[in-house]
Amino acid sequence: MRERDADFWERQQTAPLYEQLERHARRRPHSFHVPGHKMGHSFDGGGRDRFASVLELDQTEITGLDDLHQPQGVIAEAEALAAEAFGAQETRFLIGGSTVGNLALIMTVCRPGDKILVQRNCHKSVFHGIIMARATPVFLVPAVDLATGVAAGVRREDVERALQAHPDAKAVLLTNPTYYGMGIDLAKMVATVHRHDIPLLVDEAHGAHYGFHSAFPTSAMHAGADASVQSTHKMASSMTMSSMLHVQGERIDRERLRRYLAMIQSSSPSYPLMASLDLARRHLVMEAASEWDRLLPLLDKLRERTSRISWLHGPELGANSVYATLDPLKLFLHLRTEEFTGFQLQQLMERHGIFPELADETHVLLVASAGTSGRDLDALFRLLESIEAQEDQDTERIVQAGIVSSHYIREQALPMHEAVDFPHETISLDQSLGRVVAEMVIPYPPGIPILVPGEQMDEQSLSMLQELRSGQTRFHGVQDDSLQTIQVVR
């Protein structure tokens, strides 16, 4: 946390939206407005006790509670406090996750046909935003961490070359940190992009906690980015689906941004979700650091203990790393054994009451937060220590994982927004080699597309999808979530 004066701490102790909702509930008002449950007086009997206290705060845009789409009262105050806390000039609350923030930002900076430089291993919402804006993506290939086989961030020199090759690009959009907690030197990237006088937009969904403790990397706002979107619910403490969009500088048309946010966010936003953003901001400023002070040494101890397990490997930041930062709250396990897969390890964990964030053939990702306890970490280590596995590392398999993850650029036969509207047909996935896909194929989590509409199916993509299909991967974006068939352009 940066040094703050006494007035900052006094302001940040308040939570104006939440406090106003509490005051309203204490009045025991006669509700002749939506929502229909009337502060919980009409609700399913089996769930009433569980939901009762939240339903009292589930309100609408009545006098005194402000309006998300035209904030002038307590919501405006809550957003201003968030902007101050996160180092932004303006912050907007998002009810719809970081998805709506990414969509709105892309449609703000791009008009039909405009180019935008985009990291290829970005979230599906970025691709959806490009389709909706009818923009033209210039894909940036991420560097791959060969030790774990996953894609990290993009290199500055690659961004510089792309900007020189596409001087008409309207913006650069990068993901930082990645789903796995790997990050780039954002301050240097900001300088690179700003030399071309265009905005740097950051999908910072997994970095809401950045900048609030010395153990964490610098946030996008503090590094000088023009806009960042954070899933406050992922790594901080707000409720699921609540996020924030932070803006600074003059490169973003803020009025245009507000218009798009009003278009794509609900006209009936959830007050409990907005109040949870207000409280999450206060918690980050006032309380979370002491919780991280307790947790971080426990995470260090866990990593030290697991480093002695021969079949496990985790990312380690070093002089030759393809990433510049690591989030200490991400526990990324790379399996170096043929005895079982990441999917099987996930199943074993869940049988013991441990539920990870993600698994694939060779990895399991676990996400800690200020709410993670020593008991949680002890249970995880006891399970890992108890597993008997083949100790010999299968080097060939590790290298193959890196090759698969690095193969992001494929032949784009049609623009994405055209491919989704072209006549298409359903064919067997196994017969799709060489065909132009008409849907987005997204292993979920993490929600990063392997194929996007308009790309041509090549041998490596097909092999990868067949392997994922044979495991336990869930797919989004496709009509057939078993991936026996796929939609292709006729």
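In the predicted model, helix α2, formed by residues 16-26, packs against helix α12, formed by residues 271-286, at an angle of about 130 degrees, and the axes of the two helices lie 7 Å apart. Angles over 145 degrees count as roughly antiparallel and those of 65 to 115 degrees as roughly perpendicular, with the rest, beyond the roughly parallel range under 35 degrees, classed as oblique; α2 and α12 are therefore oblique to each other. On the side of α2, the contact is made by Pro16, Leu17, Tyr18, Glu19 and Leu21. The residues that α12 contributes are Tyr271, Met274, Ala275, Asp278, Leu279, Arg281 and Arg282. Sorted by class, the contact of α2 with α12 comprises 8 nonpolar and 4 charged residues, with no polar residues.

The chain as a whole contains 18 helices and 19 strands. The C-alpha trace spans about 65 × 55 × 50 Å along its principal axes. Of the 490 residues in the chain, 56% are buried. The accessible surface of the chain amounts to about 21400 Å², and carbon and sulfur atoms account for 48% of this area. When contacts in the chain between residues at least 6 apart in sequence are considered, 72% of them join residues at least 24 apart.

Two cis peptide bonds to proline may be described in turn. The peptide bond from Val34 to Pro35 is cis, with omega near 5 degrees, and Pro35 is placed in the loop between α2 and α3, the latter helix covering residues 48-55. A cis peptide bond also joins Asn176 and Pro177, where omega is about -5 degrees. Pro177 belongs to the loop between strand β6 (172-175) and strand β7 (182-183).

Apart from its neighbours within four places in sequence, Pro177 is in contact with Met182, Gly183, Glu204, His206, Gly207 and Tyr210. The C-alpha atom of Pro177 is separated by 39 Å from that of Arg23, a residue 154 places away along the chain.

Positive phi values are found at two residues that are not glycine, Lys38 and Asp66. Lys38 has a phi of about 50 degrees and is situated in the loop between α2 and α3. With a relative accessible area of 27%, Lys38 is partly exposed. Asp66, for which phi is about 65 degrees, is located in the loop between α3 and α4, a helix of residues 74-86. In contrast to the partly exposed Lys38, Asp66 is buried, its relative accessible area being 13%.

Technical notes. Residues numbered from 1 in each chain as written. Predicted model: local features only at pLDDT ≥ 70, side-chain atom pairs only at ≥ 80, totals over all residues. Heavy atoms only, no water. Axes fitted to C-alpha atoms, helices over the stretch in contact; angles between N-to-C directions. Helix = DSSP H or I, 4+ residues; strand = E, 2+ residues; numbered from the N terminus. Contact = heavy atoms within 4.5 Å. Nonpolar A, V, L, I, M, F, W, Y, C, P; charged D, E, K, R; others polar. Buried < 20%, exposed > 50% of the residue type's maximum accessible area, 1.4 Å probe, protein only. Areas by Shrake-Rupley, 256 points an atom, 1.4 Å probe, with all protein chains shown as cover.
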